Amino acid sequence: MTSIGVLQIAIFFGLILLCAKPLGSFMARVFEGERTFLHPVLRWLEVLTYKVSGIKEDVEQRWTTYTAALLSFSIFGFLLTYVLQRAQGFLPLNPQHFGAGQVPPDLAFNTATSFVTNTNWQAYSGESTLSYLVQMAALAVQNFASAAAGMAVAVALIRGFARQEKKTVGNFWVDVTRATVYVLLPIAILGGLLYVSQGAIQNFKPYTELTTVEGAKQVIAQGPVASQEAIKQLGTNGGGFFNANSAHPFENPTPVSNLLAMFLIFVIPGALTYTFGKMVGDTRQGWAIFAAFSVMFLIGVFVCYHFEQAGNPIVANLGVQSTAGGGQPGGNMEGKEVRFGIASSALFATVTTDASCGAINGWHDSYTALGGLVPLFNMETGEVIFGGVGAGLYGILLYCILAVFIAGLMVGRTPEYLGKKIEQKEVKMAMLAVIATAFSILVFTALSSVISFPVKGYWNPAGLATANLGNSGPHGLSEILYAYSSGTGNNGSAFGGLTANTPWYDLTIGLAMWIGRFLFLIPLLAAAGSLAAKKKIPSTAGTFPTHGPLFVGLLVGTVLIVGALTFFPALSLGPIVEHFLMHSGKLFSAILTPHLFWS
Amino acid sequence: MWDQILPGLRIKLFMTVLLGVAYPLAMTGISQLLFPHKANGSLITQNGKVIGSEIIGQNFAKPEYFHPRPSSAGSGYDATASNGSQLGPTSAKLIRGTTKKDEKGNEVVDFDGISLRIVHYCVENGILYESSTPLEKFKDASGNLDDVKLIRAFNDDKSPLVFTPKAPIPVDAVTGSASGLDPHISPANAQAQLARVATTRGVSADQLNQLVAQNTEQPDLGILGEARVNVLKLNLALDVQFPKK
């Protein structure tokens, strides 16, 4: 590790810490319907949205109605995205003349699911598949919408803790509108312009055809990139305009834009902890969660950075410089960009998988075994290290429920969190969410590791599904495990070696996304409903304080232990065994099966 | 509960107009006004013709130019097919390369691999090396290295070719970037290529050194990212200052 590398990590973390309070208290005011400095400028847009959509601003909803609204919002998003993709050939802003042929039904299903669930898994390659209109009007809209929905659910859960003896948890439509109008849109506009100032493109031109200095033909993809890039990061969506995502110079041109990207990913999740503290009337509770986030984030980033900088001993043995210095970055530079080097790449990989973003500025598939383990494990914890916009907060609150439950078991008292008794129903709901996601990751991974397909079948090329892998040996298992972890965690980043655009993978990863989103959200909304109905009990000398270091330690422990117990066996067969094989110099040849694509 | 259905459709349609159309259009308008060069891809024009983008790499193979990093975008620096190799650290393909049969049944290079890149980098830039089998044995009739033979030799499990450079190779020179369009190389990589470029252009290394230094970008704000050399800009500056005779 270099001192400049460590400094970059410190600067990034400092920025997030600095913004937590101002943005957090701003969001608390927004969601409680108070006036903010943006109301004179934007209140008309909020009112207009209600009018056009037929929403009554002052009606509150029970958790069941709130969930119904969320589902309606998501399903129409899914349908619109699906239809726009399939119809792109008949719609304007399509200078490359892409049609329905580029997006067959299974791919369109996968992509629509992916963007509606805030996953942004990309089984397609943007620059050769989708028109500008689909990128903007279908995908970027879902970037806003899925992020706003995540924030709404988080706020509903906060209200569950903050209120007592109430039947309602807020109004979904109002929460979504406020999140979009006052938080996401203004920051996206500023962020987008900063992106362009760094060199991200923003135009509607056809691709540029040119002759290079040495006389070769080069075609450069264009498009309205910056506007999408800003919300892609801010909404922790992660779906890139181009195949190479945030490694593409047009999406992420400089180290400054790289810092901006990471800042946009973490700023709302970080600030929501303060919003939480503010809304439940004790900001120390919010900071405790922020502290737990920070501990897990910093462990992850330094582990990843260490192993990436240490590099690949097999490559070093060939005579390649492995230590940084002398005007070169050293470490593992396969699949990384020179302008970012090792530190900014490792930091980005950790940030994007801590949050449920999934943008990448280097290919995680080419990371060293343990450097790549960090993103994988981050996703498998359920992305509760800062986490997705809203999703991180409701995810960690689930773990808070489990943590106080475990603490209650240890001392033999009924567990309480924020003055609410945690009883059978809440714990059941929390466990349901944990088990559903673990089931989705492990069962789908197991299936894809062994399943075989007949000749001329629809689902996949004939033979084993493992023939879709880009790497063999333990790294191949990591590729499958990563795909389902990414789908279930609604992350969307990929070990890109896996050929995931076949009906089998499109469908199963799509299912994993639905499970990971809604079998996580709905139990939590149910818990919010039952919590809101409860009385607050005054804290006594016997109450376990949930704002101190002891609780932070317990919370971190709960997250890590649940993650480790569930996934250790799979991880030890993938990245962990690969680490030892890498150090003994073992190589794996490509799987020798005919590479047939379905058609 | 059923009354929640219609607002879902109406708000989505409204959002599509506001966020899917108005927002990107407004952003495009403002960007084209404030940063027209950057918003259009930082294109470089020479004699009225676009010859590249400042921030998208393009391939250079001639000895009188500095060479970029290996690329997995399409068949190399294809700016409509950005991609990396997607190969993991224990991939034999990444380390030793692979060959395949083309339509005519001839064996051709499928993926060059780090070992082969090291051989070429040493030979092109005059870096000393040791080789378990003399490289002469891998040359074809016209004296060029036969890549297929070399890859086969690296993959020979019984007695693989062992090729060891005597000076460490800058890591970015033999590894592929993430986008396949990396416009930069590390300063060390530029230094290693400097003697070759100077010789072919008939100028002194010192003169070139200055030009490389001028085209080296330091980390942003002194601390973000890495020092780097923009290959296309450097090569264009070369053609202006030291045109090939």
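How much area is buried between domain 1 of chain A and domain 2 of chain A, and what percentage of it do carbon and sulfur atoms give? The area is about 5600 Å², with 73% given by carbon and sulfur atoms, where buried area is the accessible area (1.4 Å probe) that two parts lose on being put together, summed over both.

1. Basis of the note. This is a predicted model, in which local features need pLDDT of at least 70 and side-chain atom pairs count only at pLDDT 80 or more, while totals for chains, interfaces and linings use all residues. Residues are numbered from 1 along each chain as its sequence is written, chains are lettered from A and ligands numbered from 1 in the order in which they are written, and side-chain values use heavy atoms, with hydrogens and water left out.

2. Confidence. The predictor gives the complex an ipTM of 0.95 and a pTM of 0.95. For chain B the mean pLDDT (the predictor's confidence in each residue, from 0 to 100) is 94, and 99% of the residues of chain B reach 70 or more. Within chain B, confidence is lowest in strand β3 (residues 98-101), at a mean of 92, and highest in strand β7 (residues 184-185), at 98; helices (H or I, at least four residues) and strands (E, at least two) are DSSP runs, numbered from the N terminus.

3. The two domains of chain A. Chain A is divided into domain 1 (22-281) and domain 2 (289-596), with bounds that come from an automatic or database domain assignment, and the C-alpha centres of these two domains lie 22 Å apart. In domain 1 of chain A, A:Trp121, A:Phe161 and A:Phe266 lose the most area to domain 2 of chain A, together 15% of what that side buries. Between the two domains there are 22 residue pairs in polar contact, both residues being at pLDDT 80 or more; a polar contact is a pair of N or O atoms within 3.5 Å, and within protein one must be able to donate a hydrogen and the other to accept it, while residues adjacent in sequence count only if both atoms are side-chain atoms.

4. The interface of chain A and chain B. Here 120 residues of chain A are in contact (heavy atoms within 4.5 Å) with 103 residues of chain B, and the two chains bury about 8800 Å² between them, 66% of it on carbon and sulfur atoms. A:Glu214, A:Glu334 and A:Val338 supply 9% of the area that chain A buries against chain B, more than any other three residues. The rule finds 50 residue pairs in polar contact across this interface, both at pLDDT 80 or more, and helix α6 (residues 172-198) of chain A gives the most to the side of chain A that touches chain B, with 12 residues.

5. Domains within chain B. Chain B is divided into domain 1 (2-40), domain 2 (42-68 + 183-245) and domain 3 (85-175). The contact between domain 2 and domain 3 of chain B takes eight residues from domain 2 and six residues from domain 3, and the area buried there is about 560 Å², of which carbon and sulfur atoms give 43%. B:Asn189, B:Ala192 and B:Arg196 supply 64% of the area that domain 2 of chain B buries against domain 3 of chain B, more than any other three residues.
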